[in-house]
Amino acid sequence: MTPRHIKRLLLFVLVAVLLGVTAREGFGDAWVSQYTYAFAPTKANTAQRAKPAPQSTAEPDSVMQPKPVELSKRVVEYHIDVQLNEETKTLHGEQTVTWTNPGQNPVSELYFHLYPNAFQSKDSTFMRESGGQLRNDKATLASTGSMRIHTFETTEGESLLPRLHYVQPDDGNMNDQTLAKLRLPEPVPTGASVTLRMKFEVKLPEVFARMGYAGDFVMAGQWFPKLAVYETAGTRGRSTEGWNVHQYHGNSEFYSDFGIYSVKINVPASYKVAATGFQTKPTTVTNDRKTYQFYADDVHDFGWSASPNFLYAEEPFSTDGVPGVRIKLYLDPLHADLKDRYLHAAKSALAKYAEWYGSYPYSTLSIVVPPKGGNGAGGMEYPTLVTAFSAENENPGYELERTVVHEIGHQYWYGMVATNEFEEAWLDEGFTSYAEDKVMASEYGVEPNLPAEASYMTAPAPLKQLSWSYDNHNHYAENVYMRAKLVLVGIEKQVGAPTMRKILRTYFQKYKFKHPSTADFQRVVEQVTRTKWNEYFSQFVYGKEMADYAVESIHVQPVEASGTKQYESIVLIKKRGGTNGPVPIVFQFADGTTLPKMWDGHETHIQFKMVHASPLVWAAIDPQNTNVLDNKHINNFMKADLPEKTRTRWSIAVSKLIEGLFTSLAW
């Protein structure tokens, strides 16, 4: 999922104020030349506008057939028949689901996620934790939703509803009904299957958090009773097999098993439907209602969207690693003339991810552009389907391309690698954010401002932890998106870009369709580099460190040496966080001499003692900003000619000011 976060105006106002203050206090040089930390200017949007107002093309009624190759271990198989009531904003569904026991022990219980119940009251765990807000989108009075199971039975017709009970393993909140446990009449032996039938109804909320409606637009995400993941021994480091079950939380996204989906969707005849997978039958129209039949395999979720206002466009695309895909674009009319930008972003992302990490094996990729007011559904990923941000204005900047590139990146880390986003969200969001930056730089010349992003890390936290263990959504987003990306860039800085690409490609190829863990990724890093990475992962992944190095003090005094006047300069450098060396340091003397030094950065501090013909003017740590995990660049520079109290007082005051502002601005 894509966050929206930066209030740029306040940030640049702060920079302007600091420039004035630093100049007055004699620290102006700290913001100059290559020895400074400064914010890169926003690039002008040079993306070309397409020719205006292309006409919507008719949805093709061509059908496709499943490929004979199985890419994943197909644990689940869903057959769903759903009808949209556009007047009441409800979904009426019938579902047959088959689950195959992948473990070595008989299983007596199944767990189902009932995600729409997160919106049924302010007392659900999701609403309590989120406060009715996701990113900048807030719940309205109409943002109430629910899921009701009307029938639940075996293939022989035995009712299982009395056996279905809501459970709250995470927080004990009895008002939360997003997870249900079903005690089966008979255990499912290893390798055997059980098939269940159910009828359900979903009341859609006015969208603010992924699923719901905005006017005539509908986004059906996490909309059906979905089985949890039964993890076998060895999966993600488990010593014993068992269910991985969690409620729907304010920060958490999702985790499911791979399988087959055959879904029939019935909507008003005027609607167009975008969905996971591809059509296996032509659409039919009866009594002013249209029916679609979609199919997808080797996926772990199924999402769809519908609107009478979609402008449809489609282009075939193939390149190395993308043997042939139909890119299907469902535009809001406000963005009718931006078709080429969306398609270019999609093709660029597919081509680069396939080149860097591995093939995109699916035959379709659908992009949905929600209408104005529907951004709660925007910036989200589902297998073979992504949503852009909503069409809020006619000429968006690079956020259009960035969002499409980001969400398509999820097809790899969320979709195929299939990270457990409840417990290790950084393996999806951080990896996707890293890959997104690479595409934006390669295809659009938009480089990330890593020093600025590092400065947002005012409350770093461990990356491997439950998503709802973070203080709030901002805290979650700062860490699993931005800090996680910086940790990956930090690895790249040490091993080089080619080796980093080999690491990620090896990780993807080894663990696609397998639900890996943080430990699995570390093992790949160590295998590729033939180096132990325990210290790095302990500090920056399992721990909450940033790599802050500071010029602690400078003392300059005249001395006599060989009968001539010299100057002795003593500079104390301290490590205030994790180790991320080597650390470059530059000393500038009054006669123009520049003395570079290198420190391995392992000790808590180091003292440099230098005797020179002229006094030291300043000292700077990491002038090229190579340490991407340094979140306090303000202490990287110190002038030698200010009184100690002035230096200390100024440094502390400004550091606190910056930390406070970044905390308020973040995400």
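Reader: Ser-562: buried or exposed?
Author: Ser-562 is exposed, at a relative accessible area of 83%. Exposed means over 50%, buried under 20%, and partly exposed in between, with a 1.4 Å probe and protein chains only.

Reader: What kind of model is this?
Author: It is a predicted model, where local features need pLDDT of at least 70, side-chain atom pairs count only at pLDDT 80 or more, and totals for chains, interfaces and linings use all residues. Residues are numbered from 1 along each chain as its sequence is written, and side-chain values use heavy atoms, leaving out hydrogens and water.

Reader: Back to Ser-562. Where is its place?
Author: In the loop between β25 (549–561) and β26. Ser-562 is not a glycine, yet its phi is positive, about 55°.

Reader: And Asp-298, which also has a positive phi: buried or exposed?
Author: Asp-298 is buried, at 2% relative accessibility. Its phi is about 60°, and Asp-298 is not a glycine either. It sits in strand β18 (residues 289–299).

Reader: What joins Gly-581 and Pro-582?
Author: A cis peptide bond, with omega about 0°. Pro-582 is in the loop between β26 (564–575) and β27 (583–589).

Reader: Zoom out. How many helices and strands are there in the chain?
Author: Eleven helices and 31 strands. These are DSSP runs, numbered from the N terminus: H or I of at least four residues for helices, E of at least two for strands. The protein chain has 667 residues, and 58% of them are buried.

Reader: What share of the contacts is between residues 24 or more positions apart?
Author: 73% of the contacts with a separation of 6 or more. A contact means heavy atoms within 4.5 Å.

Reader: Helices, then. How do the axes of α3 and α4 cross?
Author: At roughly 40°, coming within 9 Å. That is α3 (residues 339–356) and α4 (residues 399–416). The axes are lines fitted to C-alpha atoms over the stretch in contact, with angles from 0 to 180 degrees between N-to-C directions.

Reader: Which residues meet there?
Author: From α3, they include Arg-341, Tyr-342 and Ala-354; from α4, Leu-400, Glu-401 and Tyr-412 are among them. By class, the contact has twelve nonpolar, one polar and two charged residues. Nonpolar covers Ala, Val, Leu, Ile, Met, Phe, Trp, Tyr, Cys and Pro; charged covers Asp, Glu, Lys and Arg; the others, Gly among them, are polar.

Reader: What does Ala-354 touch?
Author: Asp-320, Gly-321, Val-322, Ser-359, Tyr-412 and Arg-505, not counting residues up to four places away in sequence. Ala-354 and Arg-505 are 151 residues apart along the chain, with C-alpha atoms separated by 9.6 Å. Ala-354 is buried, at 5% relative accessible area.

Reader: New topic. Where does His-515 lie?
Author: In the loop between α8 (497–511) and α9 (518–529). His-515 is buried, with a relative accessible area of 7%.

Reader: What does the side chain of His-515 make a polar contact with?
Author: The side chain of Asp-257, at 3.3 Å. A polar contact is a pair of N or O atoms within 3.5 Å; within protein, one must be able to donate a hydrogen and the other to accept it, and residues adjacent in sequence count only if both atoms are side-chain atoms.

Reader: Last one. How many residues of α5 are buried?
Author: 15 of its 19. Just after α5, Gly-445 takes a positive phi of about 70°.
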